[in-house]
Amino acid sequence: MSKLVIVESPAKARTIGQYLGKDYTVMATMGHLRDLPKSGKGMDEGFSLQYVPIEGKEDTIKKLKTAAGKAQTVFLATDPDREGEAISWHVKELLGLPDKAVQRVIFNEITKKEVQKSIASPRDIDYPLVDAQQARRALDRIVGYEISPLLWRKIKSGLSAGRVQSVATRLVVDREAERRAFVPEEYWTITVKLKREKGIGEFEAAYFGPEGGKKAEVPDENAVNVILSKIQGASGGSPAFSVKSVTHSEKKRSPAPPFSTSTLQQEASSRLGLSPRRTMAVAQQLYEGVDIEGHGLTGLITYMRTDSLRLSDEAVANARSFIQGRYGKDYLPPSPRVYKTKKNAQDAHEAIRPSYIELPPETVRGSLNDEQYKLYKLIWDRFVACQMQNAVYDLLTIDSVSAGEVFRANHTTKIFSGFTAVYDYSKDEPDASLPELSEGEGLKLLEVTPAQHFTKPPARYTEATLIRAMEEQGIGRPSTYAPTLSTIADREYVLREDKSLRPTPLGEVLTGYMKDRFSYIVDVAFTAHMEESLDEIEQGKQEWKTMLKTFYDAFSVTRNDAEEDLKNGRIRIPDEPTDQICDLCGKPMAIKMGRFGRYVACTGYPDCKNTRPLSTPADGACPLCGGVILKKKSKKGFGYYGCEKNPGCPFMTWDTPQKTNCPDCGKTLFRVRYQKVPICENPSCASFVPEDSRGYKKKAEDGGEAKATAKKAPAKKTAAKKPAAKKKTVAKKTAK
């Protein structure tokens, strides 16, 4: 062996391995190999970071060292971003590789052409990129390790603060405060139903305003009555209404740009119902390679962590050729579309696009699971559409007038589909058709419908809109959006309710304390400025340890003030009232925050100590009795799913219920983690998959864990081993 290629994941290794010759061996690090220690800050006063090998990676490190020792050249081919660059540097340092034996290669897409091209043109490790990642890691460690202990003593143990997660939580909390402070304002609409005086044709029109003026608001019922008195009193031998104008105008709709990381997460959330974390996991699979029938392991999309809208000339040329061949020259713009990337973007990689335009979603459908297919189709459709002609619509506007008051009706007709032939995810209902009318034509008033309305408070953030807000305000970067949202949800600072994000009392208390004691940490502008500083380090414009010292000098003063505040006592987390009644004493139940998260408890404590696990409805129905499936948490905080009729119905599973049903029995299907195809958990179905065949460890009868495929050991042998193992453990502890 003369050449070793090191990547992060086995899937990526398998895909790349088939594109390289027998002189290359491809191995995976399985993620990071070393990191800061779990205990302590992990850095000295000069901000030199003290890395240690990650526990459990000993065998991987040993194998990589052995392989690297036999190789003439080691190609570090980790992901093309800060994190990937840092992993390459960590591998080099951990394996003790000299600079001359190491080459850095990056793959924007994992295709044979790209892999061979990159291997042929390697570069050195980009140390400013590594420094930027080290600075980010150090900042996160400083904030997390020095603020979190204060939160434990002031509010509740187990809390954490983060440079990005705390700001994201604040956005959700501030939006909730806006909603509570919102004062609704009254307004009215007036709709009339009109009929042609001669001929057939009815339609509806909405009040626009006085004739010759701009669109007017109708603030209250008095204004409504004034308008109604005018139009209902208009008669005197002439029609109450007449057609003032009939206008046709052409409206063009341009395609959206190709996906960046944030827009992909937003669209996948709103269109496919995928969480940002799930979106990135599925996109990673598509990037690293999927076994496609007739093609083998194939990377289907380009690198999925990017803030750029740039496309390669070759990709655009291939798209234009495909569009002309499938849809015709009318669907092709005279010149390629070029999309401008935002000025604060890193623009290190192309936008997210399919690697092979000649592999439309329908041709690979049979080789992908449901999530992979839907996400690939979303990416493929969006990329092709972004290079197509505008969609063209005819906008028909009819203004009808009575007593000087104008009522307007609109109707839109698509006259050329353009890019919507490929990508049209709009849910807008079509306007009601309008009759053919001419100016001056008389109309009869059939019906008047005034309606009272009130303005609504600003909507809660969804995962999609929160990511958009973070991107617009410069909070975080493409690689941090999904993990940030997962963190604040997993720690129960915010809750997902009907796709919306609502802060918990814990999230509000935590944010209030951070705003009071660490205001600049949760300040949006400050966080955005820190991201700009990291970008400057990456560009070689700023020294990373100098930036850390400047930050820490101010931070330490604020932290010391917070230490003094601990003397004023703890902050209580308020309970959340519920409509549940305690079945033991009849008092109301409330949601409380415990050691392992939120739970329901009786407000009569300590006289009544009744508690219940907190549960929320999930997709699907119980395969045993048809009841509602509830998402629950065990006493140790682990999530699982059970039937609402428990204990009457014993159904319980760790697998996630899906919206789809089994084709054989019609019961809900469940997704087992890391498996492509959902399974049926209905014991009476021919497609039933028993628990010991689902690919995960099964709880043994004695409370321990045994592999599903393992045979049960004889009772005597098990009994004989247990005391010896226990004695050995005690002996080790004593020696230590």
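Helices and strands are here runs in the DSSP assignment, where a helix is a run of H or I with at least four residues and a strand is a run of E with at least two, both numbered from the N terminus. The structure is a predicted model, in which local features need pLDDT of at least 70 and side-chain atom pairs count only at pLDDT 80 or more, while totals for chains, interfaces and linings use all residues. Residues are numbered from 1 along each chain as its sequence is written, and side-chain values use heavy atoms, with hydrogens and water left out.

We begin with the whole chain. The protein chain holds 18 helices and 29 strands, and its C-alpha atoms fill a box of roughly 110 × 75 × 65 Å when the box is taken along the principal axes. Of its 736 residues, 47% count as buried, where buried means under 20% relative accessible area, exposed means over 50%, and partly exposed lies in between, using a 1.4 Å probe and protein chains only. A contact means heavy atoms within 4.5 Å. Among the contacts in the protein chain between residues at least 6 apart in sequence, 67% join residues at least 24 apart.

How do two helices pack against one another? Two packed helices are described by the angle between their axes and the distance between the axes. The axes are lines fitted to C-alpha atoms, for helices over the stretch in contact, and the angles run from 0 to 180 degrees between N-to-C directions. An angle under 35 degrees counts as roughly parallel, one over 145 as roughly antiparallel, one from 65 to 115 as roughly perpendicular, and the rest as oblique.

Take helix α3 (residues 82–95) and helix α5 (residues 127–154), whose axes come within 8 Å and cross at roughly 100°. Because of that angle, α3 is roughly perpendicular to α5. On the α3 side the residues that meet α5 are Arg82, Glu83, Glu85, Ala86, Trp89 and Lys92, and on the α5 side they are Tyr127, Leu129, Val130, Ala132, Gln133, Gln134 and Arg136. By class, this contact has 6 nonpolar, 2 polar and 5 charged residues, where Ala, Val, Leu, Ile, Met, Phe, Trp, Tyr, Cys and Pro count as nonpolar, Asp, Glu, Lys and Arg as charged, and the others, Gly among them, as polar.

Glu85, which lies in helix α3, deserves a look of its own. Is Glu85 buried or exposed? Glu85 is buried, because its relative accessible area is 1%. Leaving aside its neighbours within four places in sequence, Glu85 is in contact with Thr78, Asp79, Arg104, Arg123, Asp124, Ile125, Asp126, Leu129 and Val130.

Glu176 is found in helix α6 (residues 165–181), and it counts as buried because its relative accessibility is 7%. Not counting residues up to four places away in sequence, Glu176 touches Arg460, Arg502 and Pro503.

A second pair of helices is α9 (residues 276–288) and α14 (residues 481–490), whose axes come within 8 Å and cross at roughly 140°. Because of that angle, α9 is oblique to α14. The contact is made by Pro276, Arg277 and Met280 of α9 together with Ala482, Leu485, Ser486 and Asp490 of α14, and these residues divide into 4 nonpolar, 1 polar and 2 charged.

In the loop between α14 and β15 (494–497) lies Glu492, which has a positive phi of about 65° although it is not a glycine. Glu492 counts as buried, because its relative accessibility is 9%.

Finally, we turn to the cysteines. How many disulfides does a search of the whole structure find? The search finds 0 disulfides, a disulfide being a pair of cysteine sulfur atoms within 2.5 Å. The sulfur of Cys582 has its closest cysteine sulfur in Cys608, and because the two are 3.6 Å apart they are too far for a bond. Cys582 is buried, with a relative accessible area of 3%. For Cys665 the closest cysteine sulfur is in Cys685, at 3.7 Å, and this too is too far for a bond, while Cys665 counts as partly exposed because its relative accessibility is 27%.
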